[in-house]
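Please read the points below with the model open.

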Amino acid sequence: MKKLILSLCVALFSLSASAQSAGDLYVGTNLSYGFDMEMLGIGPKLQYNFTDAIRGEAAFNYYFEKDNVTCWDIQANAHYLFGLTDKIKVYPLAGIGYMKAKVDVPDVEYGGVKVSGSASDGDVFFNLGGGAQCNITETIFLNCDLKYQFKDDGQLCFSVGIGFKL
């Protein structure tokens, strides 16, 4: 009986095992949190395997408004995949990005004069971090990243996501 159960488990794991290959293209989404900004964001990502181990990623994040501040970023990252098992991969990542933030000042009236306005600023940053990926099926994976964005006011970012093979 033990041999039968073990054989069934091995068979089930082999059905969902997935090897990423050069030329594979993935589309997905991320849920991100910037610890310095204390803002939650969401956005799409596109990943392409240049080789079996080297993957490029393009990602966009829109951070939800907080205290009259809105923010978005666009990134290009490279991952080097290390397979721990057929289903679990870990990777260091490095990349570059651009972040834009905007502050809207609500209407204020002082001495009969109404004042309002907005200001925005953009900044280039560099990413350095790592992540892990769990292949759920041959075409679906979950991932999480932890990276530091090096810029004037650098910040640590955490994201979780899902990807689908095209």
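1. What share of the contacts in the chain with a separation of 6 or more comes from residues 24 or more positions apart? The share is 51%, where contact means heavy atoms within 4.5 Å.

2. This is a predicted model, in which local features need pLDDT of at least 70 and side-chain atom pairs count only at pLDDT 80 or more, while totals for chains, interfaces and linings use all residues. Residues are numbered from 1 along each chain as its sequence is written, and side-chain values use heavy atoms, with hydrogens and water left out.

3. The chain holds one helix and nine strands (DSSP runs, H or I of at least four residues and E of at least two, numbered from the N terminus). Their order from the N terminus is α-β-β-β-β-β-β-β-β-β.

4. The accessible surface of the chain is about 9700 Å², and 68% of this belongs to carbon and sulfur atoms (Shrake-Rupley method, 1.4 Å probe). Of the 166 residues, 32% count as buried, meaning under 20% relative accessible area with a 1.4 Å probe, protein chains only.

5. Asn49 lies in strand 2 (residues 39–49). Asn49 counts as buried because its relative accessibility is 0%. Beyond neighbours within four places in sequence, the contacts of Asn49 include Gln20, Tyr26, Ile54, Arg55 and Leu81.

6. The lining of the largest pocket divides into eight nonpolar residues, two polar and nine charged. Here Ala, Val, Leu, Ile, Met, Phe, Trp, Tyr, Cys and Pro count as nonpolar, Asp, Glu, Lys and Arg as charged, and the others, Gly among them, as polar.

Note on methods
Buried < 20%, exposed > 50% of the residue type's maximum accessible area, 1.4 Å probe, protein only.
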